[in-house]
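Subject: Structure handover

Hi,

Here is the structure for you to look over. My notes on what turned up follow directly below it.

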Amino acid sequence: MQAKEISISLPQSLLQFIESYKIAKGCKSPSKVIELALELLRNQELESAYRQASSEVDSVWDLTVADGLTDETW
């Protein structure tokens, strides 16, 4: 994946956290720390979307999917 440079502004407290995390976890750069944080955020959003989609599935569907089919049919 090709990286693209951007400029962001962060409060000093977050900059300190990034630097501390980088040192503690052995990350090569502040960019890597931010990349890891964004991956976590993306995964959190995906999990939320999957949970929402799952809640919209009709639980009765599983009972009707195989109506009329038996193991002998396959």
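The largest pocket holds about 600 Å³ of space. A pocket here is an open set of points on a 1 Å grid over the protein atoms alone, where a 1.4 Å probe fits, with protein on both sides within 12 Å along at least five of seven lines. Grid points are joined across faces, edges and corners, and the volume is the space filled by probe spheres set on the points.

This is a predicted model, in which local features need pLDDT of at least 70 and side-chain atom pairs count only at pLDDT 80 or more, while totals for chains, interfaces and linings use all residues. Residues are numbered from 1 along each chain as its sequence is written, and side-chain values use heavy atoms, with hydrogens and water left out.

Back to the largest pocket. Its lining has 13 residues, and Lys4, Ser31, Ile34, Glu35 and Leu38 lie nearest the centre. Lining residues have an atom within 4 Å of a point. By type, the lining splits into six nonpolar, two polar and five charged residues. Ala, Val, Leu, Ile, Met, Phe, Trp, Tyr, Cys and Pro count as nonpolar; Asp, Glu, Lys and Arg as charged; the others, Gly among them, as polar.

The second largest pocket has a volume of about 200 Å³. Its lining includes Ile8, Leu14, Phe17, Tyr21, Val33 and Leu40. Helix 1 and helix 2 (30-55) are the elements that give two or more residues to that lining. Helix 2 gives the most, with six residues. The lining has twelve nonpolar residues, no polar and no charged.

Now the fold. The chain has three helices and zero strands, in the pattern α-α-α. Helices (H or I, at least four residues) and strands (E, at least two) are DSSP runs, numbered from the N terminus. Buried residues make up 5% of the 74 residues. Buried means under 20% relative accessible area, exposed over 50%, and partly exposed in between (1.4 Å probe, protein chains only).

Helix 1 covers residues 12-25, 14 residues in total. From first C-alpha to last it reaches 20 Å, close to the 20 Å expected at 1.5 Å a residue. The expected span is 1.5 Å times one less than the number of residues. Just after helix 1, Gly26 takes a positive phi of about 70°.

The structure holds one aromatic pair. Phe17 and Tyr21 form it, tilted, at 5.9 Å centre to centre with 40° between the planes. Rings of Phe, Tyr and Trp (its six-membered ring) pair if their centres lie within 6.5 Å; planes under 30 degrees apart count as stacked, over 60 as edge-to-face and the rest as tilted. Phe17 and Tyr21 are four residues apart in helix 1, so about one helical turn separates them. Tyr21 is partly exposed, at 29% relative accessible area.

Lys22 is in helix 1 and is buried, with a relative accessible area of 18%. Leaving out residues up to four places away in sequence, Lys22 touches Cys27, Lys28, Ser29, Pro30 and Val33. Contact means heavy atoms within 4.5 Å. Leu15, also in helix 1, is partly exposed at 38%. The C-alpha atoms of Leu15 and Pro30 are separated by 8.7 Å, with the two 15 residues apart along the chain.

Last, Glu5. It lies in the segment before helix 1 and is exposed, at 76%. Its C-alpha is 9.6 Å from that of Ser31, 26 residues away along the chain.

Best wishes
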